[in-house]
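Trainee: Please take me through the side-chain packing here, one question at a time, with the cut-offs behind each term.

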Amino acid sequence: MEASLLPHVKLLLTSSPAFLREHFDNRPFRGKAVLLENKLLSYDGMQFAQPTAAGPPWRIGWFGMLRCRQTFNFLAELASHSEGEIEVLISGKPSSAEFPDFVESVEAAPNMQYTGPYQYNDLIGLYGQCHFAWAIDWFEEGLNSSWLLPNRIYESLAHGTVPIALASVEAGRWLRSRGVGLVVDSADQARSALTAIQRSDYEIWVQQLDRLPREDVVADDRDCVRLVDTIESICK
């Protein structure tokens with residue numbers, strides 16, 4: 001289906017350059033490609049959370065579409081062996097295919113809490129409770145998970161929360177290029193960093209967030225106008 005449609009497509013919107021580099025550049029597409037990242041859309045009166053006071057306990061937020069069983073197992077093991085120094089706050093929509101008993105699994109795991117689905121306006125309250133945001137996703141490892149730039153990195157950075165990502169995927173490269181976040185090579189390295197964290201480490205990560213340009217994570221009216229102008233130019 002894609003092969004038959006792409007030659008006729010004039011405008012392709014993609015949320016990550018890796019989708020172009022790894023996929024569409026090798027397909028019969030000759031139209032215009034526009035990067036449209038999953039930034040937060042600002043509005044009048046929009047508020048943002050401030051960085052959470054240093055722990056312990058250190059709280060990791062896992063928000064959004066919850067579909068990665070390996071992430072759940074890792075975070076559950078990390079929290080249960082931390083002697084109360086690491087907590088995990090989970091919010092969003094679990095995949096029933098991957099987690100037929102998600103609520104029960106969380107309730108059985110020490111130092112983990114699930115608050116259910118959330119709305120856009122709930123983000124400030126969720127990220128405002130967390131020091132770190134889990135942005136590692138092993139679901140479809142090597143394919144979609146390696147290429148995407150998830151909402152979590154934009155949301156967490158906008159709300160003063162330190163994202164955790166793998167260096168080998170596009171999210172990690174995005175963070176590392178801007179000098180922000182906890183970027184690790186493996187789950188073992190993430191475990192080592194989080195179990196040995198000092199307040200001084202956290203303060204350095206927060207200072208890095210302060211230097212990040214707001215336009216890297218938040219879109220405004222000007223971005224909307226540019227998108228509409230682009231679509232109009234294609235339609236003429």
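Trainee: Does E170 count as buried or exposed?
Mentor: E170 is placed in helix α8, residues 170-178, where helices are DSSP runs of H or I with at least four residues, strands are E runs of at least two, and both are numbered from the N terminus. Buried means under 20% relative accessible area, exposed over 50% and partly exposed in between, with a 1.4 Å probe and protein chains only. Because its relative accessibility is 8%, E170 counts as buried.

Trainee: With which residue's side chain does the side chain of E170 make a polar contact?
Mentor: This is a predicted model, so local features need pLDDT of at least 70 and side-chain atom pairs count only at pLDDT 80 or more, while totals for chains, interfaces and linings use all residues. Residues are numbered from 1 along each chain as its sequence is written, and side-chain values use heavy atoms, with hydrogens and water left out. A polar contact is a pair of N or O atoms within 3.5 Å, where within protein one must be able to donate a hydrogen and the other to accept it, and residues adjacent in sequence count only if both atoms are side-chain atoms. At 3.0 Å, the partner of E170 is R173.

Trainee: Which residues have the most contacts inside the largest nonpolar core?
Mentor: A nonpolar core is a set of buried Ala, Val, Leu, Ile, Met, Phe, Trp, Tyr and Cys residues joined through side-chain atoms within 4.5 Å. The largest one has 55 residues, and helix α3 (residues 69-80) gives the most to it, with six residues. A second, separate core of nine residues includes L12, A18, L20 and L148. In the largest core, the residues with the most contacts are W62, M112, F132 and W134.

Trainee: How far apart in space are W58 and Y202, C-alpha to C-alpha?
Mentor: W58 lies in strand β4 and is buried, with a relative accessible area of 4%. With contact meaning heavy atoms within 4.5 Å, and leaving aside neighbours within four places in sequence, W58 touches residues including F132, I197 and Y202, while F132 in turn has W58 and Y202 among its own contacts. Although 144 residues separate W58 and Y202 in sequence, their C-alpha distance is 9.8 Å.

Trainee: What is the angle between the ring planes of F63 and Y118?
Mentor: Rings of Phe, Tyr and Trp (its six-membered ring) pair if their centres lie within 6.5 Å, with planes under 30 degrees apart counted as stacked, over 60 as edge-to-face and the rest as tilted. The structure holds 17 such aromatic pairs. F63 and Y118 are 6.4 Å apart, centre to centre, and link distant parts of the chain, F63 in strand β4 and Y118 in the loop between β6 and α5, 55 residues apart. Their pair is edge-to-face, with the planes at 70°.

Trainee: How far is the sulfur of C130 from the closest cysteine sulfur?
Mentor: A disulfide is a pair of cysteine sulfur atoms within 2.5 Å, and a search of the whole structure finds zero of them. The sulfur of C224 is 17 Å from the closest cysteine sulfur, in C235, and therefore too far for a bond. C130 is buried, with a relative accessible area of 0%. Its sulfur is also too far for a bond, because the distance to the closest cysteine sulfur, in C68, is 18 Å.
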